[in-house]
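Subject: Structure handover

Hello,

Please find the structure below. My notes on it follow.

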Amino acid sequence: MAVDTDLEDINQTTVYIPFNASDDTDVDTAPASLFPERDFHQGCHLRFQACRAAWGKCLKRMQELIHSLHAPVVKSVVEQVEKCYTDELPGLPYPELPVVSVTSSSTSSSLFDEISFRLEENTDELFEDTNDHFVTHVFPSDCTTLTVMMKAIVSGFVSRSPTGGQDIKRKPSTSLAAYDIALLEAWYRAVCDARGDRHRRSRLVVILHDFELLEPQVVQDMFEICSSYISRLPLVFILALASPPSPSYIRATYPHSLLALLRVRDCPFPLAEESLHNILLETFFDPTFEPDIMIGPTTIDFAVEFFTRHNSSLDGLLSILQLAHLKHFEEPLTVLAPAQVLGQPKDAAKVLLTPDAFPFLDALFARIHESTLIAPVEHATSWRSATVNSLLSLVETARDTFRMRAKLLRVAFRLVLLIRQFILVHGHKTVQGDRTVPDLMCLALRGRLGSVYGHLCSMVRKLPVAQLEEFVREVHDFFENAPEDVKAAEDEVISRVETAYKMLCRDASAQDISSPLGNWLSEYFRLRIVALEDAPLWDIWYTGSMPFPSELINPSPRASILAGLTHPLDYVSLGQQSGDNEDGDLPDISILFKGYLESAKMINVYDWFESFAVFLEAQKRRVGKTHIPDGADGTSRTPSKKKGKQKQVEGEVVDKKAGEDEEEWLMEVQVRFIRALQELDYLGFIKHTGRKADHVMRTVFDSPE
């Protein structure tokens, strides 16, 4: 009751509503499956666990690759910070403020976290040095004015204890202003005294994120203030730039008078497309790494297009691949993707022998029956002896077949890239064409790389003796570094490469070696670079040509809002729809939006309310007709004979109750109208004008159809 009282109190701005477990829905209820006709009760939960494991393995691999891409940049930035006040040009008329610009348009958000960690970590364990440098982060929201920006920089440092203990809170009445750089100077002297740092080796590093979004005049004033304190404060600024290093944003935006005060050093990140190609190649086409789920060409095409046209960020690439994993595990059969997601064979049989799992077993048996796992002569009798264990054993066989086929495809593809790079280095530019590495990946996954490796093999047949010897040595070393299971599967081609290597040692003619070698390689590529869809039960471990859910990564909120207001029942589950009449089930905001679409540019609010009330009255009458009439339950009600005075009193009571009900109904209509109007206002569909107080203006004139 206290909550109800607080909600009625107009002076209360915030009301705390305690959690009630009885109001919460059953959290153990399994989510609805998209394919209930061939799924089982625990399928969604088990697939989610399998998806988390598969994506976790892929994510760990990609984070390691991103960290390796960050390592040279982080090392370069740390070196620039450490030597910026020791490696100065002699003879300068005044000291320069060190500035390090990092072009990070295609990197991950963790780059500057790694830089901060390297600058603040213990760098000398032998002498037990404390953290050498202090780092603070400044964002565009902290730089609206010069005072706010200086306060963000100064407070980012002085809030820490000079002795390295717990952060301290200063009293404004006993210290300088929070935006005064003299406060930072006093704090830095205390830090040096506490550490015994007479040479002042500790740097004060300021990382300015999204530098292009900062107000240039505010940044210019801040740099001028900080440059006057160079001799007393070893400040270093790291600029996070999204623009390319050439033409330079700093030199194009800021005047020469300011640039003369700065010593700018550039630390560019590797090219965006090269980073993308390297991550895709080392994650899904590395013979030494085997992802649980192999992505298909449609996912690669979308990732490359989104990366090059919309958002050149590695974080966006991670989101795309995560969505691809989630989309893939919507299929009920993907519950069998891990080796033992259902546990031991006894546990798997216990789960799959329940009545609700029979449709899943039927679908699995149908897929196995259509595949090459069962010999054609056994199709007529295999269903008689089929058991859960036999089905799972066949799935295990299909898993091993797919894994080996995918691994051999990766090895063959990497060999194609090796031959392509070798021929390019030796001056044959025609083999490159206009195809990028992702294009070659998609062709290989579709089994359509024949024209590429056919041209490469023809170039191998024409190699002279000097280049042929180097080529055979590189191919020989490539197979020497392959995994052991690959060596066992490719024993024939490896023996042929070794034969060619031995013939070169005996000074055989180039034509006797290059022509057979080209033919061997062509036949090898023809056998290994085939579409993965040919493997049995391939859609359990391979996304294939499944369309990517682009609406999740690049949504259209405007069209979605219009569609939701116009056809709200399309977004309601079947169990929540009642009746065949859609108008009777429309929410208030959709009723109001129908009048919104039929009105002119200016809407009279009172007329809008009247039409809303008429619609609700008609809706109320339709609902009233569904009530159970008298006598429908089998009992008859005969009217009783009453005297006139008693009848008159009862009539007055009925009229009084009807009047009260009518008043409550009008109040309810007004409240519902105000609430729906406020929701449309919140969504931005109406605009209030000062000319007519009883009118509002439409802001959207698009047709929702």
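Which residue does the side chain of Glu 396 meet in a salt bridge? The partner is Arg 399, with 2.5 Å from N to O. A salt bridge here is a side-chain nitrogen of Lys or Arg within 4 Å of a carboxyl oxygen of Asp or Glu.

On the origin of the numbers: this is a predicted model, in which local features need pLDDT of at least 70 and side-chain atom pairs count only at pLDDT 80 or more, while totals for chains, interfaces and linings use all residues. Residues are numbered from 1 along each chain as its sequence is written, and side-chain values use heavy atoms, with hydrogens and water left out.

Salt bridges

Both Glu 396 and Arg 399 sit in helix 15, 3 residues apart, which is about one turn of the helix. Helices (H or I, at least four residues) and strands (E, at least two) are DSSP runs, numbered from the N terminus. Arg 399 is buried at 7% relative accessible area, whereas Glu 396 is partly exposed at 32%. The cut-offs are under 20% for buried, over 50% for exposed and in between for partly exposed (1.4 Å probe, protein chains only).

Across the whole structure, the search gives 24 salt bridges. One of them joins the side chains of Glu 282 and Arg 414, at 3.4 Å from N to O. Glu 282 belongs to helix 9 and Arg 414 to helix 15 (residues 388-425), so this pair ties together parts that are 132 residues apart in sequence. Glu 282 is buried, with a relative accessible area of 18%. Glu 282 and Arg 414 are also linked with Arg 61 and Asp 286 in a network of salt bridges.

Another salt bridge is formed by Lys 327 and Glu 330, whose closest N and O atoms are 3.3 Å apart. Lys 327 is partly exposed at 30% relative accessibility, and Glu 330 is partly exposed at 27%.

His 277

His 277 is also in helix 9 (residues 272-284) and is buried, at 15% relative accessible area. Leaving aside residues up to four places away in sequence, His 277 touches Thr 436, Val 437, Pro 438 and Met 441; contact means heavy atoms within 4.5 Å.

Strand 2

Strand 2 (residues 134-138) is largely enclosed by the rest of the structure, because 4 of its 5 residues are buried. Strand 2 runs parallel to strand 3 (residues 204-208), and 5 bridges join them; two strands pair if DSSP finds at least two bridges between them. His 137 stands opposite Ile 207 of strand 3.

Regards
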